[in-house]
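Hello,

Here is the structure I promised to pass on to you. Please open it alongside this email, and then read on for what turned up.

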Amino acid sequence: MKILNLLREAWAEITLQPFRSFLTALGIVFGVGAVIAILAISEGAKREAVSQLEVLGAGTIRVRESDAQANSTSNGVGTSGVYVQTRGWWGFSGLSGSMGSGGPARPLDMKDLEAVKGLEGIDAAASERTKEVSLPGSFGDISVTVVGTTSDYLKIQGLKLQEGRFFDSLDIESRNKVAVIGPKTRGLVFGTGQAIGNIVRIDNVPYTIIGVVSPKDWSGVTLVQIRDTGKDVYIPVTTMAIGTSEYPVGLNEIILRLKSGENPVQWGSIVEKIVSIAHPAGAFEVIVPEELLAQQQELQRIFSVVMGLIASISLIVGGIGIMNISLATVIQRTREIGIRRALGARKKDIQAQFLSESFLISVLGGAVGIFLGYALSKAVSSYAGWSTAISGVGVVVAFSVAATVGVIFGWWPAKRASEMPPVDALRHE
Amino acid sequence: MTNVVTLDQVYKTYDLGEIKVPVLKGVNLKIKKGEWVSLMGPSGSGKTTLMNIVGLLDTPTSGNYLLNEEMASAKDDDDLSNLRNNHIGFVFQTFNILPQLNAWQNVALPLNYSTQNQTPRKIAMELLDKVGLKERATHRPNELSGGERQRVAVARALSNNPSLILADEPTGNLDSKTGKDVLELFEQLHSEGITILMVTHDTEVAERSQRIINILDGKIA
Ligand SMILES: Nc1ncnc2c1ncn2[C@@H]1O[C@H](COP(=O)(O)OP(=O)(O)OP(=O)(O)O)[C@@H](O)[C@H]1O
Ligand SMILES: [Mg+2]
């Protein structure tokens, strides 16, 4: 008998008792629903990870002063304060620094940058020393973030220039009074007029604008607290320190970019160890986006494992349900089996008939399960805030799983049906 | 004339473990092509047992069975199924048509299992026309009377153009009027040259056939 014929007959048989068929397929419905939800959640997590890393830049490591110190640095480095050790996210740094006898922690500085910059896995490094200042804009004063940094800053932050140039190492060595401004700063201060060549005064020091940075959308990044770079003003970090007596120059943040293929987590821990030598009291944290992502995804992975368990149990129970109903059906339809055999059905025809019924019931259950899984993943994403994505692969996998369960658990009842001696089957009342 | 059925010293003993029930004890029978033979005998004498063997649904304990002069014993299950499909049409006392299929689908059922490429619907409609049920083609069995169901069963038995029709008390569940209608159908088939073996308890029915054989004590008397 042709497959299409078999499926048509199976369909007729299934729809003869739709509610019973639905109950039979319920385990498959839930199992496939769970499979779809798992795949949607892990796919969503993967896509979110990819998009966040795209914005942040893969393989970046940020060494940041911890929060308690942030105010003191931006108000001028060197004021003493109570520095709190922030536990590194891998948690081995502990609180011993601030609790111990090491004295107050020192802020990050250019020496730390020099210490890690030369590491084998590091491609580039940049400093960040930030300070909020007001600039006179076309519509009154505007507050901007002045960032003292080094020449690799754009490359590391994934920023591009829309006008002019960025300062180079010569500008930094010579402590030139040059500035590169963000797109919003440019708009607020100069409108549509000429920016390059103009002067901005920061703390009464005149800086010549040599470039303007293009906008970059950081809004998708939730892993790391990150400033909108639109209202930045970049000046050489060395120039920024003029007038303060501090040496080496204090920093809020050191941003490192790894060579491609290097492991961010490994290098993150090396960087932490090196920086700790100069800062035994801590007061800094090392942020590796990849590690944070992994941490965030750990939760989703646990969820997936639990759902996976539910899925497997559902599918097995669903399969047993199908087997159970199939066996009952075979007994119920013994007479029919005898009739079909008398009319010339071979054993394999009978087997194919019952197998296609359990196959079709599973696949239909799978189809319903796909909708359920879709609804489930939507619910999870709105409740837990995880992004989810239904992939074509997921649907194919779910369908195959359903079909396989139907065939595996339908096999034995179908086999039994086919092995029934025709005479006995015909005599069955 | 060729023999459609040849039974040679056929024995059938049902083996119930401890107990052995000998039913057929050396049956010899020849049915020629185009013959209409009635099989009679008391209840439990082995008529259905014999029909099952002739219909290739069961195998003799010993002895030979030739269908169309060809050895049927010792064939494998698939071959027997194909032989049933191609050469034998069954009509049962209890009609045995499938309730979930309509009239023409029931008639076309044997064609599903045939290896030949056929036009099931067309053939089924022609046969329903032949048994006078053209108008009932899409009716389900529960919408048909007993006589109509049995005529659907006869049409089904004809669908693969068999060389032998086996009818086990085809009028047993019908009143005398509808029974007569069905018998007329058999008479028509006989006149078309179809070979028929029919079990009946009714001498009146049996007398319509050409030859009556009696089974007694496991043998044909
Ligand atoms: N599968 C079986 N197992 C054991 N005994 C059986 C089996 N089938 C039939 N018999 C026995 O074989 C004998 C003949 O049965 P069969 O059905 O052939 O009789 P019958 O002539 O068709 O009777 P009836 O006229 O009542 O239909 C009976 O005694 C019956 O009990
Ligand atoms: Mg009988």
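To begin with a question: how many salt bridges does the rule find across the interface of chain B and chain A? There are two. One of the bridges to look up joins the side chains of B:Asp77 and A:Arg341, with 2.8 Å from N to O. Please keep in mind that this is a predicted model.

Now for the interface as a whole. Chain B gives 22 residues to the contact, and chain A gives 24. Together the two chains bury about 2,100 Å², and 56% of that lies on carbon and sulfur atoms. Between chain B and chain A, 10 residue pairs are in polar contact, counting pairs with both residues at pLDDT 80 or more.

On the chain B side, the elements that supply two or more residues are helix H2 (77-87) and helix H3 (103-112). H2(B) has the largest share, with six residues. Sorted by class, the side of chain B that touches chain A is made up of seven nonpolar, nine polar and six charged residues.

There is also something to see among the aromatic rings. Over all chains, the structure holds five aromatic pairs. In chain A, one aromatic cluster is formed by A:Tyr153, A:Phe166, A:Phe167 and A:Tyr234. Do have a look at A:Trp218 too: the charged end of A:Lys216 sits over its ring, 4.3 Å from the centre.

Enjoy exploring, and write back with any questions.

Best wishes

Note on methods:
Residues numbered from 1 in each chain as written. Chains lettered and ligands numbered in written order. Predicted model: local features only at pLDDT ≥ 70, side-chain atom pairs only at ≥ 80, totals over all residues. Heavy atoms only, no water. Phe/Tyr/Trp six-rings, centres within 6.5 Å; stacked < 30°, edge-to-face > 60°. Lys NZ or Arg CZ within 6 Å of the ring centre and 35° of its normal. Contact = heavy atoms within 4.5 Å. Buried area = accessible area lost by both parts, 1.4 Å probe. Salt bridge = Lys/Arg side-chain N within 4 Å of Asp/Glu carboxyl O. Polar contact = N/O pair within 3.5 Å; in protein donor to acceptor, adjacent residues only side chain to side chain. Helix = DSSP H or I, 4+ residues; strand = E, 2+ residues; numbered from the N terminus. Nonpolar A, V, L, I, M, F, W, Y, C, P; charged D, E, K, R; others polar.
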